[in-house]
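Dear colleague,

I am passing on the structure below, and after it I have set out what was found. Please read the notes with the structure open beside you.

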Amino acid sequence: MSLDLRWLAPAAIYAIAPQCIAAKYMSVDQARTLIFPAADEYVAKPVQLTPEQMQEIDKLSGVAGRSPRQQVWQAISKGKMIGWFIVDQVIGKHELITYALGINVDGSVRQFQVIEYLEAYGSQVRYLNWRDQFVGKTIESPLRIDSDIANISGATLSARHLTDGIKRLLFLHQSVLR
Amino acid sequence: MGTLVHVSASGPEASVQHCVDAAFACVERVERLMSFHDPQSDLSRVNREACRTPQTVHPWTWAVLRRAVRIAQESAGLFDITVAPLLVREGLLPGSADSSLRCGVWRNIFLMPERKVFLERPMLLDLGGIAKGFAVDVAIHALRKGGCTEGVVNAGGDLRRFGPFPHPIHLRRRDGLVQVAELRCGAIATSAPRAVHEGRLAQPIGSIFDPREQRSWSGGGAVTVAAPSCVIADALTKVAALAGAACEPILTRFGAHARWDNDPASIAAS
């Protein structure tokens, strides 16, 4: 039995309370460690898509991108590239969900983690058994709710939008990261 | 227990569901053993019979009683499980009129060898201020024993977790959630006796009785206590609410810390 706790400064506690139930589940660093435990180095490779590339990815994936800029890192283990790590945002129902996707060198999904979830409902998309469905998916996979990805009742929109987001990132990987 | 219990866990897929089921079973078992309302419970049997003949109780009931007596001792009676007659008088616990005659203090509880409990005089024990924390603890043990790598059990503001990363702890207030701390492993309990759910409950959602004044505590705001185990955190919220910052030496003896929030909008940790 032990206690490992850090109180926040009182000023932070009594600041004006947020109006919605927001949860930041982990930092980007924690997400990286969870997805690539073996990596010892991350090299930032921010991507700036040209309008043509955006259009191409939108067309291939069938999902409209939100921004031409994408936060991307290469995960390196002992000098060897072991995968890509991308932080992205999708709309849940009304608010943005921030998530991190790990892609293997072969272009398949390694895992994803929800970093921040700003809505009152639907955070079941964080559950491991739902996230595990994506492991190994590639651009060849349908990546569709109720087909190869199970729907979550009560979290339909979050589940659908995350699935779309991941699908789009796989096509982004194929188009510009390989 | 009159509250929602929330369990979440992660670990090997084959065992997680089983662990969560086991955790809920533990909570139910604590409820069955220590309910004041259920005439079949260990506690009700003690309340009926232990002033005549010592009663042998379940090891879990025994564990809770032992901690309750120890905390009563350390806090000089600020935490006292014998206040039940007062709660009956205020209509917060069921009971007949003669309940109010059954008054004693924690010193009248005798814990004897072989898990036997004896009450020196007719009195009523109520574990409402401690058993919920214990239920959270046994549920957490079930998750750990089953091989979960991370787990959280929250019973209406009595929360314990373990895992590799610190997680934010929020205080629920009428106007939303406020983060108060980051907890990697350990327990947090909150008492906010004056807090009223607007438009839903006419009564305060919790009560703290002041054994010194023999009546409901009239302070406002909330107190949050962090401790290695939830049973300790739960019980010490009462001490911390009644004694204020003066009780810090007592908390330290149990490895606990407290935060006081005098804003009446505070409700419970989640």
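In what follows, two residues are in contact, or touch, if their C-beta atoms, placed from the backbone, lie within 7 Å. This is a predicted model, in which local features need pLDDT of at least 70 and side-chain atom pairs count only at pLDDT 80 or more, while totals for chains, interfaces and linings use all residues. Residues are numbered from 1 along each chain as its sequence is written, and chains are lettered from A and ligands numbered from 1 in the order in which they are written.

Leaving aside residues up to four places away in sequence, A139(B) touches V7(B), A23(B), C26(B), V27(B) and V153(B). A nonpolar core is a set of buried Ala, Val, Leu, Ile, Met, Phe, Trp, Tyr and Cys residues joined through C-beta atoms within 7 Å, where buried means that 20 or more other C-beta atoms lie within 10 Å of a residue's own C-beta, which is placed from the backbone. The largest such core has 86 residues, and A139(B), A233(B) and L236(B) are the ones that touch the most other members. Helix α6 of chain B (residues 230-243) gives this core its largest share, eleven residues, helices being DSSP runs of H or I of at least four residues and strands runs of E of at least two, numbered from the N terminus. Another core, of 33 residues, lies apart from it and includes A39(A), W73(A), I86(A) and A100(A).

As for chain A, five helices and eight strands make up its secondary structure, and 30% of its 178 residues are buried.

With best wishes

Key. Buried ≥ 20, exposed ≤ 12 C-beta atoms within 10 Å, placed from the backbone.
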